[in-house]
Structures are given as structure tokens and as C-alpha cells.
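This report describes a ligand site, a pair of packed helices and several features of the backbone. The structure under discussion is shown first.

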Amino acid sequence: MAEKFYITTPIYYPSDKLHIGHSYCTVATDTMARYKRLRGYDVKFLTGTDEHGQKIERIAQAQGVTPKEYVDKIVAGVKELWKELDISYDKFIRTTDDYHVAAVQKIFKQLYDQGDIYKSEYEGWYCTPCESFYTDTQLVDGKCPDCGREVERLKEESYFFRLSKYQDRLIKHIEEHPEFIQPQTRQNEMINNFLKPGLEDLCVSRTTFKWGIPVTFDDKHIVYVWVDALSNYITALGYGSDDDSEFKKYWPADVHVVGKEIVRFHTIIWPAMLMALNLPLPKQVFGHGWLIIDGGKMSKSKGNVVDPKVLVDRYGVDSIRYFLLREIAFGQDGNFTNEALIQRINSDLANDLGNLVSRTVGMIDKYFGGKLPADREETEFDASLKETAAAVTTKVDELLDKMLFSDALTEIWTLIRRANKYVDETQPWVLAKDDANKPKLANALYNLAEAIRIVSVLIQPFMPNTPKLIWEQIGVNDEAARTWDSAKVWGTLPAEIQVTKGSVIFPRIDMKKELAELEAAMKAAQAASVANQTKQAEEEKEAEEESVPEISIDDFDKIKLKVGTVIASERMKGSKKLLKNQIKIGNETRQILSGIAPNYSPEEMVGKKVIVLTNLPPRKMMGEMSYGMILVAEDENGELSIASVDKADFADGSAIS
Ligand code: MSP
């Protein structure tokens, strides 16, 4: 029976139009899945969408549709994109699927029943875009340490998962299984930055919004979206359902492919959940790097996203897949530029590969009317070409087993370049001048066709369409000459091959002309998306404002506002935003940190009358305590203005009501 191989991508948030960065992760995973299938594995390749959470709820509300209506629309687009990129997934899970919801509810209940989940109260910060909790000290300049956006203060009754209980077992597992977190650098990061400093229990339920999986035994609560999302890797296999045969067959996963920023969810929270459920851990979590553009992570909020559809439409899916996997070493960050893309298409695809195919087919056509004779005579250059082919096929396996896609492609191109050199060495056009050399000529052209066949077999996982085009031209009609193992057997092509001249597989691109056109096409696509985005952001904001609940006068009475006078102010070391102010409020003086440095200098602050919220709990920011908050107005450009009283000599300490 074939050995199984279970591989997953992250499940994507459907709030974003997927960009080339998302495609990168999926293309890489697809390549691995295709490779393993070619090697004869029984592959299960899972992808899908992560559809719950506050972010989605807000967007849907803004658009006046239900969250389900909203996600249904987006998910269709996600599937379409994967189709365009030839993503050969075996299963697409949506976290709104019934079977997933039921299984997550079961998991949550089991963990609660066995004491791994308990009820308490959460107080801290929440970043909605990242759907992530943070403590005071984890914030950077009062903002989300991952994405830099505003966080919200949360205080709610919550269920907690005993993550801390699993700390030692996690460290032990990681240390005993060096292959568990790849690449190695991510492993050190997890141990030193998260596990060694100590894990806190994790808040795993929410009550302040509704769009999530309800906790069955306490329906005020919904399950924290990451617990919901991570479970997809097992619920997709039927775990927790009546039929868990696939789970029994495919779990544990052989590899979860994820972006580097979500490695911590996959190597801390997820394995701890599995330990609690008494299930085996995935064999590997591979944290790849980011596609960078203009020095930053490509992201919708920065407006620097590259639309994969524009690229696929212009250059074809195989060129884009080739570029992504060749240009960026998997695991590291890599820059995306239009120049680099066109350069790769021209040099590697049009020049090296495309030329080799058209020259070889062209010469067989010209010198032999398209059909090679069986009568061949070896030349002194053959051995070296064959040796290169043998070495390359072995190396490609080794490299792909480690998901070193770029290195594997470099190897394959070694054979392509070696074959091009063989053309120069054997000089078929010289051999063709003398009929006595015909067997040598036939031999040289056969070897070239065979080298091309081997290349076409090896590029299959990366480029699903190009091999077929090559096979049509050099006449690889027999399935047996297309199998992965056949790449290792030199001479698989039949002696009397019949070639068919076809169109150029990778036309050369005029860089200068194309750059201008491509930029225009990208700008047009971006403008359409920005217009859409702006509309969406406005709607979201409105929805947020609309969704602010009304409060009673009793609620307002709980807010203690007083007039204060700033008596000293200085910049906080290491922060561009924070000022450390000493504020006299009647008889007391309080230290209050405030993010107003972009608009007020310390000198301007001294002497100012401010309004202070005095009954906030003390809070530590960047190592300093803050006892309250200065009220500030913010306009739509982020410009700040301090709220004050209209009499400059009004007594500080006065209450505001
Ligand atoms: N929904 C979560 C994953 C839950 S998995 C149980 C999520 N979704 S996401 O849509 O934000 O991101 C999905 C994947 O796309 C992540 O692995 C992320 O790293 C990847 N990428 C998003 N932008 C990227 C780049 N610019 N470059 C490379 N990969 C990027 O996180």
C-alpha cells in the first residue's frame, strides 16, 4: 500500500482579496503535494478558509449582509484563484462547514470536561486584524506587536485553556524532534522568545460578538477563532464525526506549511491542544518567509499588494509559479519586483529552457524531416551530459524532500544549461554537412531530446502545464516516459522519435516596453482594489460606530473625569509616540503616558490644562507606569488635539460631569 503524505496550507481569512503573497504559500504547498504524488505517495492536500471572527463580522455588518453571505461570496473568489494557479488540493475546508462546527464544539467540551479549559475573566488587549491577545508588556508603543495596528482593551468573562501546563512537554518535544520546526531559526525563536519566558493560559472564548462557533454548554460564548481554525487540520479528516477513517489514515500531518508570523500558533497552541486531546503531533511545521515589496510585507492595508491574476493573465501560470519558487529561498523573505520577474522569464524560461526545446525540435525537423533514425553513433561529449542528468535527478529528490524548491530548480537548470553546452560541443550544424556523420548527428539530437524529456519530468511539480507542451513537441507519447522514476533512466525515449514543431513555449519579453505596460495594468488593478478597500474601510468604520452600544447615565457616572495641569513632560526613551507627563490634579500629581508625541512637544505640554480619565487601572507601558489617560481628539488623518476646558485658569482637580 502506498505510503500516505498529509500536507496543509494555512486556511485563509476571507476578508482580504488574496494577493501574490498568499499565492506563494499555496503554490509551494501544491508543488510539494504534486512531487509526493509523482513519487507514488497517497497524498492528502488540504486548504480552505478561516471564516469566523470579529473582523469578518464587522465587514459583513458594514456591507449590510450576514457574515455567511459575505464569506460565501469571497470563498468563491478564493477557489477561482486556486484554479487559476493550478492548485491541486484534495480537500477545501470552510470553518463554517457543519461537520467542522460540530467537531470543534466536541473538542471544546472534551477539554472543558477534563479540566484543560476553565472559566475565568480576561483582561487585556486584542488585535482584531490578527485575532490575537496581548498583555501590556507585549504591546509595542501601545499597538499590536505583529501588525502595528490599534488594539482594543477587553475585559470579559472567558474560558481559558491551560496552555501553561504544557510548556515543559512542548520544550521537550521541540528539543527531541529537531525536524518539528523548520527552518531551524524559527525553532530557536519559539524556544527563546515564547517558551522559555513562560507560557500563560490562553483565553479561548469571546462574548462581545457573535460570529463564531458557540460553546455548547454556555451559549454566551463563542470559541476563540484560532482554536476553531487550528482544529481544521483534524476536522477536515473527519475527527469528531461518525466517520473518522480518513483521520485514522492520514493523521498526523506530515507537514503544515505556514507563514513565519503564524509559526507560534502552530508550534505552541496547536501541539498543546493535541497533547490535551491525546493525539499525535504533526511531524513538521515549516515556516516560510514573506514576499516583500518595497522593503515591507505585502499587505492590503499598506496598499502594496500584487494581484496574482494580473500576472497570470500576462505571463501564464507556469512562469509565475516558477518565479515564486526559484527567486525566493523557501524559509527566507524575498523581494518581489517586476524587473526580477521579467528577467527570470527571459533568461531561465525563454533563453535556457525555451531555446533548448525549439533548437532541438527545429534541428530534428530540419536534418531528419522530424523523425530520428535508429542508427546512432556516440560522441565523446555524451558521458558528461548523462552524468549531469543522473546527478541532477538524485539531487532534486533530496532537495524536494527538504522543501528546498529554489535549490531543486537550480539543479534542474544545471541540466538545461549542460544540454545547451552540449549543442555547442557537438555542433550539429557542422555534423549535418557530411552524410557520413549522420549517425553522430542523430545521436546528438537524441541525447538532447532525452535531456529535455528528463527536464520535463522534473519540472512537473513546479510547472503543471509546460511538460505537456514539451511532450507534444518532442513526441513523448508513452506514459512510462513521463513518470518520475523514468527521469533516472537515460534512454527511455524510443529511438525513432517523431517531433512536431510547435509554438515557442516561453516567448521573450521586451523588458522596457513590458515594464511600462505591466505597471499600468497593476496600477489599474490596484486602483480598483483601493477604491473597493476605501469603501470597505469607510463602511467598517461606520459599522463600528453604529455598533457602539448606548449607555445609561449610571454607566457614564462610572467614568471619573477631572481637570489637570501638566507640570512636567518628557519624551519616553525608545518611543516615537509616547510622552511621559506629570499631571497635577488638585492635591495629587499623577504620571500619565500618552501617545501624543507626533503632535505635541514636551515643552508645549507644560502648563496645559487637560482632561484626565482618572479611574482607569494603572498600566505599564515600555517599563513605565501610567495612572490614567489624557483625553485627545483624533481627526480622520490621525491628527491629534488635546481636549481641554475653555477657561485657562480653571482649577485643576475639578470634576467633569
Ligand atoms: N487564518 C490564518 C491562518 C489559520 S491556519 C489554522 C491566517 N490567514 S491569512 O490569510 O492572514 O494568511 C494565510 C497565509 O498567507 C499565512 O501563512 C501568511 O503567512 C501567508 N501570507 C500572507 N501574506 C504573505 C506575504 N506577503 N508573503 C508570504 N506569505 C504571506 O493567517
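**Residue classes and model**

In the classes used here, Ala, Val, Leu, Ile, Met, Phe, Trp, Tyr, Cys and Pro count as nonpolar, Asp, Glu, Lys and Arg as charged, and the others, Gly among them, as polar. The model is predicted.

**Ligand site**

The ligand is surrounded by 25 residues, and the closest are Ile-11, Asp-50, Gly-259, Glu-261 and Leu-291. By class, this shell has 14 nonpolar, eight polar and three charged residues.

For Gly-259, a backbone N or O atom lies 2.8 Å from an oxygen atom of the ligand. On its own the ligand has 660 Å² of accessible area, of which the protein covers 96%. Two or more residues of the shell come from each of strand S1 (4-12), helix H1 (20-38), helix H7 (225-230), helix H8 (232-235) and strand S11 (255-259).

**Packing of H14 and H17**

Two packed helices are described by the angle between their axes and the distance between the axes. For helix H14 (residues 382-401) and helix H17 (residues 438-458), the angle is about 5° and the axes are 11 Å apart. H14 is therefore roughly parallel to H17, since angles under 35 degrees count as roughly parallel.

On the H14 side, the contact involves Asp-382, Leu-385, Lys-386, Ala-389, Val-392, Thr-393 and Val-396. These residues meet Asn-443, Asn-447, Ala-451, Ile-454 and Leu-458 in H17. By class, the contact has seven nonpolar, three polar and two charged residues.

**Cis peptide bonds**

The peptide bond from Gln-182 to Pro-183 is cis, with omega near -10°. Pro-183 lies in the loop that joins strand S7 (181-182) and helix H6 (184-195).

A cis peptide bond also runs from Trp-251 to Pro-252, with omega near 5°. Pro-252 is placed in the loop between helix H9 (245-250) and S11, and S11 is one of the elements that give two or more residues to the ligand shell.

**Positive phi at Glu-131**

Although Glu-131 is not a glycine, its phi is positive, at about 45°. Glu-131 is found in the loop between strand S4 (117-127) and strand S5 (132-134).

How values were computed: Residues numbered from 1 in each chain as written. Predicted model: local features only at pLDDT ≥ 70, side-chain atom pairs only at ≥ 80, totals over all residues. Heavy atoms only, no water. Near = heavy atom within 4 Å. Polar contact = N/O pair within 3.5 Å; in protein donor to acceptor, adjacent residues only side chain to side chain. Areas by Shrake-Rupley, 256 points an atom, 1.4 Å probe, with all protein chains shown as cover. Helix = DSSP H or I, 4+ residues; strand = E, 2+ residues; numbered from the N terminus. Axes fitted to C-alpha atoms, helices over the stretch in contact; angles between N-to-C directions. Parallel < 35°, antiparallel > 145°, perpendicular 65-115°, else oblique. Contact = heavy atoms within 4.5 Å.
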